[in-house]
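Please look at the sequence and the structure shown below. The paragraphs after them go through some parts of the fold one at a time.

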Amino acid sequence: MADKDKDGARSASSSRERQGREAYAHRLKRMREQGLKPPIAPHGEETARMTPEFTLDCGWGRLVFAQTFDNPESMISALSGEQPDRRDIAVYVRDPHVLLANAPQELFLDPSHTFRLDLSRYRASRKSPKGFFIRRLTSQSDADAINRIYAARAMIPVPPEFFWSKRDARSIIYFVAEDEQTGEILGTVTGVDHMRAFNDPEQGASLWCLAVDPVARHPGIGEALVRRLAEYFTPRRAAFLDLSVLHHNEQAIALYEKLGFQRVSFFSVKRKNPINEVLYTGPETDAAFNPYAAIIVKEARRRGIRVEAVDAEAGYFRLTQGGRTVLCRESLSELTSAVALSICDDKAITRRLVSAAGVRVPAQLDGDASPSEIAEFVKQCGRVVVKPARGEQGRGISVAVSEPDEVKAAIAAAKAVSEMVLLEDYIQGEDLRLVVINYRVVAAAIRRPPSIVGDGERTVRQLIEAQSRRRASATGGESRIPLDAETERTLREAGYGLDGILPAEVEIAVRKTANLHTGGTIHDVTDIVDPTLVKAAIAAARAIDIPVTGIDLMVKSPRQPDYAFIEANERPGLANHEPQPTAERFIDLLFPLSMPAAARQTMQKERDGGG
C-alpha cells in the first residue's frame, strides 16, 4: 500500500508539474503573440521553424529581419548586398550597438521610433470613409499612381512591374485609397505578413510606406489606410502591427497614437548611402530655405557643388564649383538677363513680344481705358480677367468678372498691387504651367483652383481653414487659401457664404485662380502634353530670351493643341513637379560639367541632331 501511495503521489506531482509547464507555455505564447513587451528571443523548435537569414524585397529595398540572423557578421553581409538607388532596412535589431561596432563606416542607427498596435485590443471605427474607399491594388495603373504619390512624398519609386508581380503575394499586401468620383488614387499603404514571410513565431505584421497624395482634398485618408491594414491582419491571427516612423514626424506619430499604437524598444539599422545621407549627417544648415530654393540646394549638394546661403529667408544662395560661381534666387540666376527680367515683369510687354513670335494670346485692354471702352470690352468678351501688369503669386487677380461693379472693384484690387492694370478676355479651361529650362520643356502640370468637400457638419470657413492647413503642410508653408474678397466672391457665385454649412459630399471651388500660393494644386501631365503646347512654350521662352521660365497657358485639355498664352514667370517654382527632374535640369544649365558623362554625351547628340 505504501508503494502504491508513493506512486500516486509521484503521479500527482508529475501531473501538477506538467500542468504548470503547460500553463507557463500558454502564458509565454500569449505574451509572444499579444503582449506589448519586446518579444522573447525565439529558441528551440521555434528557431528551427523560422527561415534563417531572411530578407524580403519590397521594390524600394529589402527588409532584413534581424531576429532570423545568428550573428552581426551575417547581417552586415546581407546589408552589403544593397542595390544602387535602393534602401535596405535591418529591422528588430536587439543590440544595435554591437552591430554598429562591427561596421561603423558602413552602417548607422536609423533615427526612427518603432510603434506597435496590439491587434487583440484594436477596435474598428464606426465611421466610414467619405468621398473615397480603400481597396487592394488591382491594375498596372494603380502601380503607376502609387509611384506618383511616392515621388510627391520624396519616397523611393518602385518598378511598376514589381507591384504587379506581387499583387497576389501572400507575404506582402498593397492597399490604395480611390476617389469615388474621379477614380484617382489618393493614398497607399503596404503591409508585410511576418508569419507567411519567414514563419514568425510571434505572429507579427508590419506597416510600410503609408503615403497620401499632398493634393488630396479628403480628410482621414491616412487613418483609413492604417485601419484597413489592421482589419486585414486581425482575422489572419496576427498578434500585432508594427511600424517605423521618423522621430520628428509629429503629425504621423499623433495619428498612430490616436489609433492605439504604442512605442516599443526596437531599432532599425541602415547603410550609409546618398538616399540616407540626411539621416546620418546631422541637421541641415539651410533649414530656412523655402521649398523652391531647397530643392535646388539639395541637388547642388548631391553633386558636390558648394552652397553658400546669402539670404536663406529670401531664397538667395551662391553655388560654386571649380572656378565657376553663380548667384541665384530660387530658380532665378545670373544667367537670366536684366532685359528678360524686365520683360516678364511687365505682362503687357510680354504679351506683345510672344504674340509677335506667333504665340496665340487673348484680347487685352489697358485698365486706364475710359469707362465706356472698358464696358465695351467686357461686353465683347462676356467675362474678363483683371490683373496687375506687374506682380506675382496670384496677388490682385480677379477671374471671370462681368458685372460693372465687380470689374470696378477688381481694378481697384489690382491697382493695390501695381499701378498698371490689364483687362484680358477670360478663356475658360485649365491652367497649364510648362517649365522651360535651356529652351526645353522639362515639366508640364495642370494647376487647379483650391476646392473643398462638405461633410454636412462644418462651415465653409472651417473647411477652407482645414484645407489651407493641409496645403501649407504639403508645401512647407508656401500654399494657403486666403479668406479675402476673391474667395468670398467665388463662394457667392456657388451660392454659399463663409458661415454656411456645406452639405456632405458637395464639392465647390473656393477661388478661380489656380496659383499654388493661394491654395491651388498641381498635377503632372508631362507625358501627355500636346506637342503644339510644347512648341508654344519654347517659342515664348525664345521670344523673351530667357533660359529658365514658367510659361502659363490656358488650355481645353493638355492633350489638345488649343491654347491661349497667359503669362511668363521669370522665377518658376521647381518644387511640386515630381517626378520630373526640374532641379536636375536647372543645375545642368548652371554647371554642365557636373552632369554625368553619359548624360552630357546624350545631350550633345540631341543638339547635333537638332533634337
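Is the crossing of α11 and α19 right-handed or left-handed? The crossing of these two helices is right-handed. The model in which this is seen is a predicted one. Helix α11 covers residues 291-302 and helix α19 covers residues 582-590. The two pack at an angle of about 65°, and their axes are 9 Å apart. On the α11 side, the residues that meet the other helix are Ile295, Ile296, Glu299 and Ala300. On the α19 side, they are Thr582, Ala583, Glu584, Phe586 and Ile587. Sorted by class, this contact between α11 and α19 holds six nonpolar residues, one polar residue and two charged residues.

The loop that runs between β27 (563-569) and α19 contains Pro579. The peptide bond that joins Glu578 and Pro579 is cis, with an omega of about 5°.

Now step back to the chain as a whole. The protein chain has 611 residues, and 49% of them count as buried. Its secondary structure comes to 20 helices and 27 strands. How much of the contact in the chain joins residues at least 24 apart in sequence? Among contacts between residues at least 6 apart in sequence, the share is 69%. The accessible surface comes to about 29300 Å², and carbon and sulfur atoms account for 50% of it.

The interior comes next. In soluble globular proteins, nonpolar side chains tend to be buried together. In this model, the largest nonpolar core has 34 residues. Trp60, Leu63, Phe65, Phe163 and Trp208 are the residues with the most contacts inside this core. Several helices and strands each supply at least two of its residues, among them β2 (62-65), β3 (89-93), α6 (160-165) and β9 (204-212). Which element gives the largest share? That is α5, with five residues. Leaving out residues up to four places away in sequence, Phe65 touches Phe54, Leu56, Val91, Tyr92, Val192, His194 and Phe198. There is also a second, separate core, which has 33 residues, including Ala230, Ala238, Leu243 and Ile253.

Ser112 lies in strand β5, which spans residues 112-118. Apart from neighbours within four places in sequence, Ser112 is in contact with Ser244, Val245, Leu246 and His247.

Finally, consider two loop residues, Tyr439 and Asp545. Tyr439 sits in the loop between β21 (430-437) and β22 (440-448). Its phi is near 65°, a positive value in a residue other than glycine. Asp545 lies in the loop between α18 (531-544) and β26 (548-555), and the phi of Asp545 is near 60°, again positive in a residue other than glycine. Is each of these residues buried or exposed? Tyr439 is buried, because its relative accessible area is 15% and the limit is under 20%. Asp545 counts as exposed, because its relative accessibility is 52% and exposed means over 50%.

Methods. Residues are numbered from 1 along each chain as its sequence is written. This is a predicted model: local features need pLDDT of at least 70, side-chain atom pairs count only at pLDDT 80 or more; totals for chains, interfaces and linings use all residues. Side-chain values use heavy atoms; hydrogens and water are left out. Axes are lines fitted to C-alpha atoms, for helices over the stretch in contact, and angles run from 0 to 180 degrees between N-to-C directions. Helices (H or I, at least four residues) and strands (E, at least two) are DSSP runs, numbered from the N terminus. A crossing is left-handed if the near helix is turned anticlockwise from the far one by less than a right angle, and right-handed if clockwise. Contact means heavy atoms within 4.5 Å. Ala, Val, Leu, Ile, Met, Phe, Trp, Tyr, Cys and Pro count as nonpolar, Asp, Glu, Lys and Arg as charged, and the others, Gly among them, as polar. A nonpolar core is a set of buried Ala, Val, Leu, Ile, Met, Phe, Trp, Tyr and Cys residues joined through side-chain atoms within 4.5 Å. Buried means under 20% relative accessible area, exposed over 50%, partly exposed in between (1.4 Å probe, protein chains only). Accessible areas come from the Shrake-Rupley method with a 1.4 Å probe; for residues, only the protein chains shown count as cover.
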